[in-house]
Amino acid sequence: MIELITDTDERREMTINMGPQHPSTHGVLRLELLLDGEIIKKVKPHIGYLHRCFEKYAEEMDDYAKVIPYTDRMDYVSAMNQEHGYVIALERMLELEVPDKVEHIRVIVAEMQRIASHLLGIGAFGLDLGAFTPFLYLFTEREKILDIFEKVSGARLLYNYMAVGGLMRDVHPEFKADVADFVKTFRPKIKELDDLLSYNKIFVKRTANIGILPVKVALNYGASGPVLRGSGMKWDLRKNDTYSIYNQFEFDIPVGSGEVGTLGDCWDRYNVRVREMEQSLLIIEQALDSMPEEGDVMEAIPRRIRMKEGEIYTRTESPRGELGYFIVGDNSATPYRIKVRAPSFVHLSMLPAISKGSLIADIVAIVGSIDIVLGEVDR
Amino acid sequence: MKSTEEILEYLIDRFPETEFQSLKEDVGPMRIKVPASAIKDVAKVLRDDDQLQFNTLMCLSGLHYPKEEEMGVAYHLCSTHFGHNLAVNVRVPEVKPELPTIEQIWKTANWHEREAYDMFGIIFTGHPDLRRILCPDDWEGHPLRKDYVQQETYRGVTTKEN
């Protein structure tokens with residue numbers, strides 16, 4: 001006679017590893033999951049697989065400007081924003097005036113990069129949840145941005161374009177027309193994305209009410225960017241701690257509202273990114289209008305940077321959130337210490353808090369919705 | 001919105017026993033130096049006080065000062081209520097780099113403190129999970145210390161380029 005197990009109280013816990021070679025971990029991230037059936041009891045992220053000790057490299061450079069290419073390689077899908085944050089930090093330390101034209105070009109490329117980064121983030125998020133088609137549609141658009149960047153800087157991924165006090169080179173003559181053309185063709189695509197993915201029934205089912213992050217928890221964990229805004233907080237460093245010339249432009253800060261589920265769920269974080277792209281287009285248009293034609297983008301670049309003594313923490317709004325550079329100078333041309341406060345690092349640290357008790361399939365959605373880049377997490 | 005000077009005065013009022021110090025160099029804003037033993041109490045007041053409300057910790061960084069034979073920790077705080085920022089510095093001796101954790105006050109400090117431990121060997125007492133975070137668990141030394149010497153091999157693999 002076969003004996004059936006009737007004791008339903010008997011529970012077996014199981015530990016499994018997700019990654020480091022797992023398609024939905026967005027790089028080399030290992031998640032140690034303690035499971036009870038399909039329910040996650042505990043998550044332990046293990047990072048460092050991409051650790052290159054960028055900060056040690058920076059301390060061995062004999063010039064502050066030589067660090068710029070390394071900043072590209074942290075968040076490699078939004079290299080322009082990483083450079084932007086770094087050069088702004090140095091310019092604040094050096095009290096350097098930057099020509100108006102340079103600021104305009106920087107803002108335009110930074111906002112284009114934000115769109116490109118969000119396109120990748122959203123596309124990969126959809127891909128994680130089984131939506132393959134939007135990914136291809138979004139990559140077509142991202143390609144157009146990369147083409148413009150290639151014309152501008154000569155590179156498609158890691159640009160090394162911004163310099164302290166200026167830019168490596170002036171933009172090509174058709175730059176304005178190229179960007180205006182992109183803005184015109186891209187705007188209707190957002191509507192297309194809404195039809196294709198945002199309000200897709202399966203997508204909504206997979207993301208609404210999943211991975212809810214209350215705003216109080218978010219702040220305590222140091223969340224920023226779309227993750228914090230997804231929880232309903234109107235906080236954008238471009239407005240709240242303004243830098244460059246962002247105060248000259250009019251734009252809105254989209255926040256989550258719990259439209260299809262609960263405030264602060266995966267869908268809200270996703271939607272904030274989509275709406276943010278619209279705002280970036282507005283900024284680009286305004287910057288194109290006010291951008292001066294004439295001007296030398298290299299005139300303010302110092303030949304040699306010698307930092308005085310002191311330390312400064314500067315933060316900018318990268319596509320992923322608050323990107324901070326903590327720089328300590330010691331009266332020499334070599335940085336004494338550079339610490340990067342990477343938004344992905346901070347966001348990943350709260351994964352155990354928001355994924356407890358969810359299903360194993362949902363952790364894929366949660367990781368996708370906080371949009372991490374492992375190059376930045378591990379530095 | 002309060003300036004660092006006002007916050008310093010306020011803290012001196014709240015903690016008459018504690019020795020605060022203001023730091024200002026050629027560049028950068030003014031900072032407040034807090035003794036290591038008091039950091040946890042001060043952090044709690046900074047977060048909870050109605051006048052201050054530093055609800056987020058933006059960044060926590062380790063530092064090494066071989067000349068002074070000291071290690072340092074820099075805290076950067078922000079209040080989204082008032083919009084004011086604050087930089088707090090703590091110094092601990094190189095031979096015994098220990099200070100209380102603030103993980104219970106701002107959760108984000110958990111990973112930042114682990115990173116400071118990994119890179120500098122600073123011990124945060126009371127931290128619930130003080131392990132290495134970026135380097136492997138059996139890595140030797142703390143890479144961002146100024147006197148760091150990289151190990152020749154790691155598990156039989158040479159770590160240096162030829």
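# Report on a two-chain model

Glu95(A) sits in the loop between helix H3 (79–94) and helix H4 (100–128) of chain A. Helices (H or I, at least four residues) and strands (E, at least two) are DSSP runs, numbered from the N terminus. The model is predicted, and local features need pLDDT of at least 70, side-chain atom pairs count only at pLDDT 80 or more, while totals for chains, interfaces and linings use all residues. Residues are numbered from 1 along each chain as its sequence is written, and chains are lettered from A and ligands numbered from 1 in the order in which they are written.

## Two loop residues of chain A

Glu95(A) is not a glycine, yet its phi is positive, near 50 degrees. Asp371(A) also has a positive phi near 50 degrees without being a glycine. The loop that holds Asp371(A) lies between helix H14 (360–370) and helix H15 (374–378) of chain A.

A residue is buried if 20 or more other C-beta atoms lie within 10 Å of its own, exposed if 12 or fewer, and partly exposed in between, with C-beta atoms placed from the backbone. Glu95(A) is exposed, because 8 other C-beta atoms lie within 10 Å. Asp371(A) is buried, because it has 27 C-beta neighbours inside 10 Å.

## Strands

Two strands pair if DSSP finds at least two bridges between them.

| Strand | Partner strand | Bridges |
|---|---|---|
| E1(A), residues 13–18 | E2(A), residues 30–36 | 6 bridges |
| E2(A) | E3(A), residues 39–46 | 7 bridges |
| E4(B), residues 70–78 | E5(B), residues 85–93 | 9 bridges |

E2(A) and E3(A) form a hairpin with 2 residues between them, and Gly37(A) in the turn has a positive phi of about 65 degrees.

In chain B, 5 strands make an open sheet of mixed pairing, in the order E1-E2-E5-E4-E3. Strand E1 (21–23) and strand E3 (56–65) of chain B are the edges; each has a single partner strand, so one side of each lacks a neighbour in the sheet. From one strand to the next the twist averages 25 degrees. Helix H3 (residues 109–120) of chain B packs on the sheet, touching E3 and E4 of chain B, and its direction makes about 10 degrees with that of E3(B). Such angles run from 0 to 180 degrees between N-to-C directions, and axes are lines fitted to C-alpha atoms, for helices over the stretch in contact.

## Where the chains meet

Residues are in contact if their C-beta atoms, placed from the backbone, lie within 7 Å. The contact between the chains takes 32 residues from chain A and 26 residues from chain B. Among the elements of chain A that give two or more residues to this side are helix H1 (54–59) and strand E6 (310–318).

Note on methods. Two residues are in contact if their C-beta atoms, placed from the backbone, lie within 7 Å.
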